[in-house]
Amino acid sequence: METYTLKVIAHISTCFDTKFGVPRQAGIVNTPGRIIFEPSYRVPDAVRGLDGFEYIWLVWQFSQAVREDWSPTVRPPRLGGNERIGVFATRSPFRPNAIGLSSVKLDHIEQHPTLGPVLHIYGADLMDGTPIFDIKPYLPYTDSHPEARSGFASRPADRLLNVECPQALLSRLATELQQPLIDALAHDPRPQYQDDPMRIYGMSFAGRDVKFSVNNHQLTVIDIEVK
């Protein structure tokens, strides 16, 4: 059988510099992002009509999880990391092909003088610099199935954490990034098997090191440092 090599058409710019803290699903945290096309694809005609769609699909690479081997089962965080489920019944990054699929909100398309068309989006669950293989419009009449069964993920994750962050620390971020940080923390970026109230966790967000602790369902931001 003839093989085919996927082409990287773009990369995404997001607030998440590392895997730790990236939202576990698209759309649950309203963080901004930009999709910047590779030089060969900086063609305005390629996105003609895309601004008529409110949401788009991103087909992308789990670039930090590429490996030669694979396992037929994985341990989803939703199940506490203790129970094995078939890899094709999960959205785990550890797959035969490290390909992800996310629906994000398209805010607007900027015609940049040097970068060509730049897509400004919200709600991505991708690390900064993630390669994009393809972009497709989201069609509500066929892509949305709100009554469908959802297996072990039939309901949202555990209730959100209460986040306490002094305004003096929060003001170290741009105004438009302050609520997205609070929302990202509220969804508990820790691995679900970690629950040490004495531990200080660190999360990279928009070029800042965010230090926090969690006791019961209370997350307290201790510091926001410039890297």
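Entry 1: Before I start, a term: two strands pair if DSSP finds at least two bridges between them. I am also noting that this is a predicted model. With that in hand, I looked up the sheet and found a closed barrel of six strands, in the order 1-2-7-6-3-8, with antiparallel pairing. On average, neighbouring strands of this sheet are turned by 45° against each other, direction ignored.

Entry 2: I picked strand 3 and strand 6 next. How many bridges join strand 3 and strand 6? I found seven, linking residues 55-61 with residues 99-112 in the antiparallel sense. As one example I looked up Val59, whose bridge partner in strand 6 is Leu101.

**Entry 3: aromatic rings.** I searched the whole structure for aromatic pairs and got six. I then looked at Trp57 with Tyr138, a tilted pair with 5.6 Å from centre to centre and 45° between the planes. Trp57 sits in strand 3, while Tyr138 belongs to the loop between strand 8 (131-137) and helix 1 (140-143), so this pair ties together parts that lie 81 residues apart in sequence.

**Entry 4: a loop residue.** I moved on to Leu115, in the loop between strand 6 and strand 7 (116-122). Leaving aside residues up to four places away in sequence, I found Leu115 touching Arg34, Ile36 and Arg42. I also checked Leu115 against Tyr41: they are 74 residues apart in sequence, with 9.9 Å between their C-alpha atoms.

**Entry 5: a serine in strand 11.** Ser213 is in strand 11, residues 208-215. I noted it as buried, at 16% relative accessibility. Which residues does Ser213 touch, not counting those up to four places away in sequence? My list reads Pro197, Arg199, Ile200, Gln218, Leu219, Thr220 and Ile222.

**Entry 6: cysteines.** I looked for disulfides and found zero.

Terms used. Residues are numbered from 1 along each chain as its sequence is written. This is a predicted model: local features need pLDDT of at least 70, side-chain atom pairs count only at pLDDT 80 or more; totals for chains, interfaces and linings use all residues. Side-chain values use heavy atoms; hydrogens and water are left out. Helices (H or I, at least four residues) and strands (E, at least two) are DSSP runs, numbered from the N terminus. Axes are lines fitted to C-alpha atoms, for helices over the stretch in contact, and angles run from 0 to 180 degrees between N-to-C directions. Rings of Phe, Tyr and Trp (its six-membered ring) pair if their centres lie within 6.5 Å; planes under 30 degrees apart count as stacked, over 60 as edge-to-face and the rest as tilted. Contact means heavy atoms within 4.5 Å. Buried means under 20% relative accessible area, exposed over 50%, partly exposed in between (1.4 Å probe, protein chains only). A disulfide is a pair of cysteine sulfur atoms within 2.5 Å.
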